[in-house]
Structure formats: C-alpha cells, structure tokens
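Let's work through some exercises together. Open the structure, keep the sequence beside it, and try each task before you read the solution.

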Amino acid sequence: MRLSRTTKYLLLAALVLGLAVIYFPLLVVLLNSFNADTTFGWPPSSFTLEWWGRAAENEGALNALGTSVQAGLAATAIALVLGTMAAFALQKYRFFGRNQVSLLIILPIALPGIVTGIALNNAFRTILGIDLGLFTAIVAHATFCIVVVFNNVVARLRRMGGNLEEASMDLGADGLTTFRLVTFPMLRSALLAGGLLAFALSFDEIIVTTFTLGTGLETLPIWILNNLFRPNQAPIVNVVAAVLILASTIPVYLAQRLSGDTTSGGRL
C-alpha cells in the first residue's frame with residue numbers, strides 16, 4: 001500500500017499528537033515531583049529533592065505502599081497458579097462448554113470495575129459474611145489478574161504445540177519429567193510476563209479496591225486520591241505518583257520484552 005507524502009505527514013502528526021496527549025501529562029507529574037515551587041508554577045523555576053525526602057518519611061504513603069505490594073504479590077501468586085491451571089485445561093483438553101468456560105475466565109477484565117467492585121462487596125459482606133480487609137482486596141484483584149496470566153500462557157501453549165512433549169514421552173519420560181524439563185522451560189518467560197503484568201494491574205487498581213478494601217487500609221492509588229486536594233500534601237502526592245508511574249512502567253516493559261521474545265526462550 002503506497003501513501004502520498006502528504007498522507008504520511010498527516011499520519012505522523014496524528015501519531016505525535018496522540019502520544020503527546022498520553023505522555024505529556026505523565027512528564028508534567030515527573031517534573032513537578034522535583035519542582036521547588038509549592039504552587040507548581042510552570043515552567044519550574046528551580047528543582048529540588050526535598051519532596052522526595054519528605055515522601056520517603058511519610059508514614060501514610062509508606063503504609064499504603066506496603067499494602068499495595070502485599071496485595072499485588074498475593075494476587076499475582078494466586079493468578080499464576082489458577083491462570084496456568086486454567087490455560088492447560090482449556091488448551092490441552094477438549095470438552096463440552098470449553099469455549100464458554102474460556103469466556104467466563106476472560107470476562108472479569110472486560111466488566112466495568114465499579115460493577116465488579118459492587119458485586120464482590122455484596123458477595124463478601126452479604127452472602128459470605130466476610131469482613132472487608134486486605135484478604136478480600138487480594139481475592140478481588142486475583143479475579144482480573146488471572147486473565148492476563150491465562151492469556152499469556154494460552155498464547156505460549158498454542159505456539160509451542162505438542163510435538164516436543166510427545167517426543168519426550170516417546171523417549172520414556174513421564175508427565176512430570178516432561179513438564180519439568182520440556183514444558184516449563186518453554187513457558188517460563190510467558191509466566192514471568194504474565195506475573196509482571198498481573199502485579200502492575202493489581203498495583204494500579206483503585207475502583208475495585210475501593211469497594212473491597214477494609215476501613216483503615218489504603219493502597220497507594222487510594223492514598224493519592226485521598227490526598228490529591230490537600231495543599232500541604234500536593235508535593236508529596238506528585239512524588240508518589242511519579243513512583244507509581246515508574247513502578248507500573250517497568251513491569252509492563254519487561255513483560256512486553258518477554259512476551260515478544262519467542263525464539264530465544266525469553267532472554268532479555
């Protein structure tokens with residue numbers, strides 16, 4: 001398909017404009033975390049590391065960070081186990097309702113977060129009689145983290161095929177040995193990529209968390225929301241937001257590298 005020079009320039013301008021709309025506000029947040037002006041005058045007249053020092057000593061932000069890490073790691077662990085098991089079951093076996101089960105696994109990430117949050121809140125408090133807390137938030141996060149692990153593992157299993165596993169078993173290896181020496185090494189990068197994406201998704205989540213996290217607890221996104229309009233906390237909020245941007249970008253970048261590397265076994 002050949003494009004005229006004018007069309008190419010228009011498409012390039014549209015691309016640059018779209019990227020600017022997405023990433024320029026993030027750049028502003030990063031720069032404001034070093035802005036010495038507490039009113040965040042633009043452009044910054046001078047820069048300072050004072051806000052980063054205060055953020056490192058802010059008890060509320062540190063507690064929220066710890067809660068986010070705990071929830072993210074636990075939800076990721078659950079998602080890795082259940083998502084991988086579901087992927088193997090649906091990819092390796094044929095049974096009635098297979099496509100419907102696959103849809104039910106993927107559906108949670110497609111539902112509006114507020115719908116999922118309200119449904120889980122009612123289920124925990126009304127039906128199961130469980131008090132809201134960190135445990136309920138972890139379970140809630142796991143419901144959509146499973147999806148990214150499931151998708152990564154299913155995609156890798158489809159690319160792998162079954163020839164190597166069949167050859168291993170033809171040579172006398174049992175199922176466990178085949179999985180340990182053949183299947184798992186080929187799945188390792190997909191599992192790591194899915195785990196990184198799941199952690200990033202959990203770390204950033206705010207809507208479902210609002211409905212499923214107990215009182216007295218805050219994750220980092222909720223802490224940012226609660227302190228966003230407090231003038232004395234505004235500089236620290238910018239620092240925490242900058243950390244959140246970096247904490248979200250790095251796992252996604254690594255997951256993209258690992259998911260895209262199908263020929264070298266996931267080496268960076």
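**Exercise 1: Two annotated spans**

Over residues 234-254, what share of the chain is helix, and how far apart are the end C-alpha atoms?

*Solution.* Keep in mind that you are looking at a predicted model.
- Step 1. Residues 234-254 are 100% helix and 0% strand.
- Step 2. The end C-alpha atoms of this span are 31 Å apart.
- Step 3. Now take residues 190-214, where the chain is 84% helix and 0% strand, with end C-alpha atoms 33 Å apart.
- Step 4. Check the record: in an unreviewed entry, UniProt lists both 190-214 and 234-254 under "transmembrane region", along with other spans including 9-34 and 69-89.
- Step 5. The unreviewed UniProt entry also gives residues 65-255 as "domain: ABC transmembrane type-1". In the model, that stretch is 82% helix and 0% strand, and its end C-alpha atoms lie 22 Å apart.

**Exercise 2: An aromatic pair**

Find the rings of Phe34 and Trp52, and work out why the pair is called stacked.

*Solution.* A pair of aromatic rings is described by the distance of the centres and the angle of the planes.
- Step 1. The model has two aromatic pairs.
- Step 2. For Phe34 and Trp52, the ring centres are 5.4 Å apart and the planes meet at 25°. Planes under 30 degrees apart count as stacked, so this pair is stacked.

**Exercise 3: A salt bridge**

Which side chains meet in a salt bridge, and at what N to O distance?

*Solution.* Side chains of opposite charge can pair when their charged atoms come close.
- Step 1. Searching the whole structure turns up one salt bridge.
- Step 2. Its partners are Arg54 and Glu50, with 2.6 Å from N to O.
- Step 3. Arg54 and Glu50 are four residues apart in helix 2, so about one helical turn separates them.
- Step 4. Both partners are partly exposed: Arg54 has a relative accessible area of 43%, and Glu50 has 36%.

**Exercise 4: Buried or exposed?**

*Solution.* You need one cut-off here: buried means under 20% relative accessible area.
- Step 1. Thr76, in helix 3 (residues 59-92), has a relative accessible area of 9%, so Thr76 is buried.
- Step 2. Beyond its neighbours within four places in sequence, Thr76 is in contact with Gly195, Ala198 and Phe199.
- Step 3. Ala200, in helix 8 (residues 175-204), has a value of 6%, so Ala200 is buried too.
- Step 4. Leaving out residues up to four places away in sequence, Ala200 touches Ser248, Pro251 and Val252. From Ala200 to Leu73 is 127 residues in sequence, and 9.9 Å in space from C-alpha to C-alpha.
- Step 5. Leu26, in helix 1, has a relative accessible area of 34% and is partly exposed.
- Step 6. Leu26 belongs to a nonpolar surface patch whose members include Tyr9, Leu12 and Val16. Together, the residues of this patch have about 1000 Å² of accessible area.

Key: Residues numbered from 1 in each chain as written. Predicted model: local features only at pLDDT ≥ 70, side-chain atom pairs only at ≥ 80, totals over all residues. Heavy atoms only, no water. Phe/Tyr/Trp six-rings, centres within 6.5 Å; stacked < 30°, edge-to-face > 60°. Helix = DSSP H or I, 4+ residues; strand = E, 2+ residues; numbered from the N terminus. Buried < 20%, exposed > 50% of the residue type's maximum accessible area, 1.4 Å probe, protein only. Contact = heavy atoms within 4.5 Å. Patch = residues over 30% accessible without salt bridge, like charges linked within 9 Å, V, L, I, M, F, W, Y side chains within 5 Å. Areas by Shrake-Rupley, 256 points an atom, 1.4 Å probe, with all protein chains shown as cover. Salt bridge = Lys/Arg side-chain N within 4 Å of Asp/Glu carboxyl O. UniProt positions renumbered as here; feature names shortened; annotations may be inferred.
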